[in-house]
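Reader: I have a chain open on my screen and would like to talk it through with you. Could you take me around it, one topic at a time?

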Amino acid sequence: QAGLSLAFLKTFMELEDEAVLASTLSTGITGVILMEALNDRIYGYLRPRVPYLVGIDTQREEIDNIGYDHYRVAGMMTRHLIEKGHTKIAYTGGSGETGNIRCSKRFQGFSSTMAIHDLPVRSEWVMDCRWDEELCIEQVKQLVRQPDRPTAIFAASDIVAMATLSALYSQKVRVPDEMAVIGLSDIDMAKYSNPPLTTIRI
């Protein structure tokens, strides 16, 4: 109504593709919300071409940033699953620019909370989907085919959690009876998930 439009670049890998990035910027974008810190090359490309940049925990001090404690919130959600009786918990999320999911504050919050409760973080249950929904779906399908599978999955964002629910539905895994799923962010879209998604507003 205000003559504005919104476009999404889903993953860091898309931003690394110069053709995709150039094509997106050619549409006359005036603002970008950065969900990742980005490397110097990509950030240096964006900075002079986009009038308004806002980051979410990017640690780029020359632009405005919105921050929250990824580590603490992930720990809270993991604790919720443990308090519900789950001891076999998988994790799915993205590694971002580092390429190493163990550098993610959300994963660190999950793994440290598991350790505090003397619960193992099994490598075969840790999935780096790179914040890509299709990759998440494939990884979750492989997870549930394992002979010994978890009873719960902590998804490090609501979008990833909804992809997880889609994968479980396709494999006829009943949620939450056979496997619980918990997300993080409480985005508006989450209220339309079926079954309803447990998440936290940040």
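Predicted model: local features only at pLDDT ≥ 70, side-chain atom pairs only at ≥ 80, totals over all residues.

Reader: Noted. How many residues does α4 have, and how far does it reach from its first C-alpha to its last?

Author: Helix α4 covers residues 70-83, which is 14 residues, and its span from first to last C-alpha is 20 Å, close to the 20 Å expected at 1.5 Å a residue.

Reader: What caps its N-terminal end?

Author: The cap on α4 is D69, which places a side-chain oxygen 3.2 Å from the backbone nitrogen of Y71.

Reader: And which residues of α4 are buried?

Author: The buried residues in α4 are H70, V73, A74, G75, M77, T78, L81 and I82. As a general point, an α-helix has 3.6 residues a turn, so residues three or four places apart point the same way.

Reader: What covers those buried residues of α4?

Author: The cover over the buried residues of α4 includes the strands β4, β6 and β7 (180-182), together with the helix α5.

Reader: Let me step back for a moment. How many helices and strands are there in the chain, and what pattern do they follow along the sequence?

Author: The chain contains 7 helices and 7 strands, and reading along the sequence gives the pattern α-α-β-α-β-β-α-β-α-β-α-β-α-β. Of its 202 residues, 42% count as buried. If we take the contacts between residues at least 6 apart in sequence, 58% of them join residues at least 24 apart.

Reader: What does L168 touch, leaving out residues up to four places away in sequence?

Author: With those set aside, L168 touches V140, V144, V173, V175, M179 and V181. In soluble globular proteins, nonpolar side chains tend to be buried together.

Reader: On to the rings, then. How many aromatic pairs turn up in the whole structure?

Author: The search finds 5 aromatic pairs. In one of them, Y91 and F110 have ring centres 5.1 Å apart and planes at 35°, so this pair is tilted. It links distant parts of the chain, since Y91 belongs to strand β4 (residues 89-93) and F110 to helix α5 (residues 105-116), 19 residues apart.

Reader: Are those two buried or exposed?

Author: Y91 counts as buried, because its relative accessibility is 0%, and F110 counts as buried on the basis of 0% relative accessibility as well. Y91 also pairs with F154: these ring centres are 5.6 Å apart and the planes stand at 75°, so that pair is edge-to-face. With Y91 in strand β4 and F154 in strand β6, the pair ties together parts that are 63 residues apart in sequence. F154 is buried, as is Y91.

Reader: Which residues do the ring pairs link into a cluster?

Author: The cluster linked by ring pairs consists of Y91, F107, F110 and F154.

Reader: Where do charges sit over rings?

Author: The charged end of R49 sits over the ring of Y45, 3.9 Å from its centre, and R122 lies over the face of W125, at 3.8 Å from the ring centre.

Reader: Last topic, the backbone. Which peptide bond is cis?

Author: The bond from V175 to P176 is cis, with omega near 5°, and P176 lies in the loop between α7 and β7.

Reader: What is phi for K172, and where is that residue found?

Author: K172 has a positive phi, near 60°, in a residue other than glycine, and it is found in the loop between α7 and β7. K172 is exposed, with a relative accessible area of 70%.

Reader: And D118, buried or exposed?

Author: D118 counts as exposed, because its relative accessibility is 69%. Its phi is near 55°, a positive value in a residue other than glycine, and D118 has its place in the loop between α5 and β5 (126-128).

Technical notes: Residues numbered from 1 in each chain as written. Heavy atoms only, no water. Contact = heavy atoms within 4.5 Å. Phe/Tyr/Trp six-rings, centres within 6.5 Å; stacked < 30°, edge-to-face > 60°. Helix = DSSP H or I, 4+ residues; strand = E, 2+ residues; numbered from the N terminus. Buried < 20%, exposed > 50% of the residue type's maximum accessible area, 1.4 Å probe, protein only. Lys NZ or Arg CZ within 6 Å of the ring centre and 35° of its normal. Expected span 1.5 Å × (residues − 1). Polar contact = N/O pair within 3.5 Å; in protein donor to acceptor, adjacent residues only side chain to side chain.
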